[in-house]
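Me: I would like to learn how to read the features of a model like this one. Please take me through them in turn.

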Amino acid sequence: QPHHGQSDVFGEIEPLLVSLVDGYNVCIFAYGQTGSGKTYTMEGADHIANAAHTDVHTAGTAIAAPRDESDSEGVYGRTMRSVFGLMADRAGDYDYVVSLSMLEIYNETICDLLCDSEGQRKAIRIRDRGDGTNDVGELSAVEVHSAEEAMEWVARGRRHRATACTNLNEHSSRSHCVLSLHVRATNTHES
């Protein structure tokens, strides 16, 4: 049984979100073996409840139930609420534009999870930009205006994830999901 709840985990990474809103690149990465709770940590108990209502399941885990309902929300939801809260606190000084993208790497194929066609998986490629960096050129990015809207898009992307059974986990994603939140700030006091 885990000794630390979702709020404890988020408390360790929340300071990074101030850096994100300040304009720095931030990466929050969950790593571990199948069934160790990566999906639960990132998506929370909500992913288990929603999996029962979709044809494509996200990874279920053998994690113990949360201590209470308030501790069941994962990193994604807590991050969205925190980022939009930080931006609201700075609204008089900065204008923000936030966009979200979500991709999956499954069987060495990269798929756009936010593609326009519901139920379709759009394969995309990484491309060399010629300056020593890479990007995923055809990846969809949607502008979001609230934590709730962002999480609706995350839920849509979740429904596109591929799953396959493993020996340890009946509904393992067997894939890697990358959720990107892009925050662009403009100082309202500079011309």
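Reply: Start with a definition: a salt bridge is a side-chain nitrogen of Lys or Arg within 4 Å of a carboxyl oxygen of Asp or Glu. Now the ground rules. This is a predicted model, where local features need pLDDT of at least 70, side-chain atom pairs count only at pLDDT 80 or more, and totals for chains, interfaces and linings use all residues. Residues are numbered from 1 along each chain as its sequence is written, and side-chain values use heavy atoms, with hydrogens and water left out.

Me: How many salt bridges does the structure hold?

Reply: Side chains of opposite charge can pair when their charged atoms come close. Here there are seven salt bridges. One of them joins Arg161 to Glu104, with the closest N and O atoms 3.5 Å apart. Arg161 lies in the loop between α5 and β7 (176–187), and Glu104 in strand β1 (residues 94–106), so the pair ties together parts that are 57 residues apart in sequence. Helices (H or I, at least four residues) and strands (E, at least two) are DSSP runs, numbered from the N terminus.

Me: Are Arg161 and Glu104 buried or exposed?

Reply: Buried means under 20% relative accessible area, exposed over 50%, and partly exposed in between (1.4 Å probe, protein chains only). Both Arg161 and Glu104 are buried. They also belong to a network of salt bridges that links Glu43, Glu104, Arg158 and Arg161.

Me: Which residue pairs with Glu73, and which with Arg127?

Reply: Glu73 pairs with Arg81, the closest N and O atoms being 2.4 Å apart. Glu73 is partly exposed at 28% relative accessible area, and Arg81 is partly exposed at 45%. Arg127 pairs with Asp135, with 2.8 Å between the closest N and O atoms. Arg127 is partly exposed at 45%. Asp135 is partly exposed at 22%.

Me: How should I read helix α5?

Reply: An α-helix has 3.6 residues a turn, so residues three or four places apart point the same way. Helix α5 (residues 147–159) has 13 residues. The expected span of a helix is 1.5 Å times one less than its number of residues. From first C-alpha to last, α5 reaches 19 Å, close to the 18 Å expected. Its buried residues are Ala147, Ala150, Val154, Ala155, Arg156, Gly157 and Arg158.

Me: How many disulfides does the structure hold?

Reply: A disulfide is a covalent bond between the sulfur atoms of two cysteines. The cut-off is a pair of cysteine sulfur atoms within 2.5 Å. The structure holds zero. Take Cys115: its sulfur is 8.5 Å from the closest cysteine sulfur, in Cys111, too far for a bond. Cys115 is buried at 4% relative accessibility, whereas Cys27 is exposed at 63%.

Me: Which residues are in contact with Leu17?

Reply: Contact means heavy atoms within 4.5 Å. Leu17 is found in helix α1 (residues 6–21) and is buried, at 2% relative accessible area. Leaving aside neighbours within four places in sequence, Leu17 touches Phe10, Ile28, Thr79, Ser82, Val83 and Leu86. Leu17 and Ser82 are 65 residues apart in sequence, yet 7.4 Å apart in space, C-alpha to C-alpha.

Me: What about the whole chain?

Reply: The protein chain has five helices and seven strands. From the N terminus on, the order is α-α-α-α-β-β-β-β-β-β-α-β. Buried residues make up 35% of its 191 residues. Among contacts with a separation of 6 or more, 68% join residues 24 or more positions apart.
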